[in-house]
Amino acid sequence: MAERTTPIRVLIAKPGLDGHDRGAKVLARGLRDEGFEVIYTGLRRTVDAIVAAAIEEDVDVVGCSILSGAHATLLPKLVSSLRASGAGDVLVVAGGIIPEADRPALEQAGIAGIFGPGTTIAEVATFLRANARRR
Amino acid sequence: MPADAKHLAARRELAQGISAVERPGPAANQRIQAALAVSVAEARNALVVGLTGAPGAGKSSLAAALADVARAAGRRVAILAIDPSSHESGGALLGDRVRIDEHPDDDGRFTRSIATRGSGRSLAHVAAAATILVEAAGFDLIFVETVGAGQAEIGIARLADVLLVVEGPEGGDEVQAMKAGILEVADIVVVNKSDRPGAQGAFDRLRSGLALGAGAPELALVSATAGAGIGELLATIDEKGASRGARGRTRRVEAHLVAAAESHVDAQVREATASGALATRAEQIVAGTQSLTGSLAALFGITESPDA
């Protein structure tokens, strides 16, 4: 497949109600330094708002940071909404505090990557470059 | 397709169109021309409003506040928010959506973050093309927000039908320093954050400074976050833009032609730098083994006619 000539675009979103966005901001900055175009949307966005933003920004990846424990409902809903809106080729990944036991269900629901505490920016960047859609 | 997905389809098509014209070439040109044909056939007449000013002046919040007022009046509004790409990594952190409320169910709004990518000037090369696509998609009012930094002002002044220069309340002496270049091209100078101390003072200083010049821009004192003065500002924008007629669209095409030319030169400069040809030529010119005229031709294809 042809080498892509434009940066990978990533939407960093914080769905749900927790107000801890330090991790999301560190990741946003780090991915910028890795050559990604990062769109940061701020705190407490609804799934519908994230889907609309992902579509308007024509992103390749949506990365969600969730520390509230609401991942089990929000992330599958996000994936199904993206698919229903014709954006099923957008890679969805998640970071934050997600218990090991919840992972299989999330992977089953279409969450392509789950990054727990201690994951480096470089690891995330490598994963996104390998798995984001080509164009 | 669920009921809520259909309206997103139109936004998705526009979004993908903008991505497509971010890759310059014949396909992008065809897409832009097709959009122009749609706008002419549909007799569209979008008003493009540029917002520039120092970081932190509140451009995103102001664009969002103006968009809210215009949308409430039934107008279809778009915001194109431009932020710089890193020269080092080529990446960008685009954070303007933080200050713009999401309206996922409203097809009368569209927001897009644009990185400047390879453009050496801080108005993105794609900005003009994006406005052409957004107009064809049926948006009446298009806000283009860019970080004010030297050359960017010239680019946004070329593109916008009405140009706002946004200042914060602390803009005192710096404002004076910026004046010569930026205030010559501004249609409206907006002092934002009128709810903060010092805003009235900044407004008064600007007014006394601007009163001296002929063809001085309008002045406005607003608070984007408190909503003060936004309706009046939108009325002033409409008044300033009322005379554009068909000139708005030709202006956008001119801006795109210039951007395409700049993009071409920027690419040549990057290539000559990366390959070392630029450095080699410079050494040869210093050593007297190559001429400036010959090197301009060899590096960039620039042929200078002999002096008359």
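This is a predicted model: local features need pLDDT of at least 70, side-chain atom pairs count only at pLDDT 80 or more; totals for chains, interfaces and linings use all residues.
Residues are numbered from 1 along each chain as its sequence is written, chains are lettered from A in the order in which they are written, and side-chain values use heavy atoms, leaving out hydrogens and water.

**Chain A at a glance**

- Chain A has five helices and five strands, taken as DSSP runs numbered from the N terminus (H or I of at least four residues for helices, E of at least two for strands).
- Reading from the N terminus, the elements go β-α-β-α-β-α-β-α-β-α.
- Of the 135 residues in chain A, 55% are buried (buried is under 20% relative accessible area, exposed over 50%, partly exposed in between, with a 1.4 Å probe and protein chains only).
- Take the chain A contacts between residues at least 6 apart in sequence: 72% of them join residues at least 24 apart, a contact being heavy atoms within 4.5 Å.

**Helix packing in chain B**

- Two packed helices are described by the angle between their axes and the distance between the axes.
- In chain B, the axes of α2 (residues 26-41) and α4 (residues 127-136) come within 8 Å and cross at roughly 40 degrees, so α2(B) and α4(B) are oblique to each other. Axes here are lines fitted to C-alpha atoms, for helices over the stretch in contact, with angles running from 0 to 180 degrees between N-to-C directions.
- On the α2(B) side, Arg31(B), Ile32(B), Ala35(B), Leu36(B), Val38(B) and Ser39(B) make the contact, meeting Ala129(B), Ile132(B), Leu133(B), Glu135(B) and Ala136(B) of α4(B).
- Sorted by class, the contact of α2(B) with α4(B) has eight nonpolar, one polar and two charged residues (Ala, Val, Leu, Ile, Met, Phe, Trp, Tyr, Cys and Pro are nonpolar, Asp, Glu, Lys and Arg charged, and the others, Gly among them, polar).
- Also in chain B, the axes of α3 (residues 59-72) and α8 (residues 230-241) come within 9 Å and cross at roughly 85 degrees, so α3(B) and α8(B) are roughly perpendicular.
- That contact uses Leu62(B), Ala65(B), Leu66(B), Val69(B) and Ala70(B) of α3(B), plus Ile230(B), Gly231(B), Leu233(B), Leu234(B) and Ile237(B) of α8(B).
- The α3(B) and α8(B) contact has nine nonpolar residues, one polar and no charged ones.

**Aromatic pairs**

- The count over all chains is two aromatic pairs. Rings of Phe, Tyr and Trp (its six-membered ring) pair if their centres lie within 6.5 Å, with planes under 30 degrees apart called stacked, over 60 edge-to-face and the rest tilted.
- Phe115(A) and Phe127(A) pair edge-to-face, at 5.4 Å centre to centre and 80 degrees between the planes.
- Phe115(A) sits in strand β5 (residues 113-115) and Phe127(A) in helix α5 (residues 121-131) of chain A, so the pair ties together parts twelve residues apart in sequence.
- Phe115(A) is buried at 15% relative accessible area, while Phe127(A) is partly exposed at 23%.
- Phe110(B) and Phe139(B) have ring centres 6.2 Å apart and planes at 50 degrees, so that pair is tilted.
- Both Phe110(B) and Phe139(B) are buried.

**Positive phi**

- Most residues other than glycine have a negative phi.
- Asp58(A) has a positive phi near 50 degrees, and Asp58(A) is buried at 2% relative accessible area.
- Ala43(B) has a positive phi of about 55 degrees, and Ala43(B) counts as exposed at 63% relative accessibility.

Terms used:
Angles under 35 degrees count as roughly parallel, over 145 as roughly antiparallel, 65 to 115 as roughly perpendicular and the rest as oblique.
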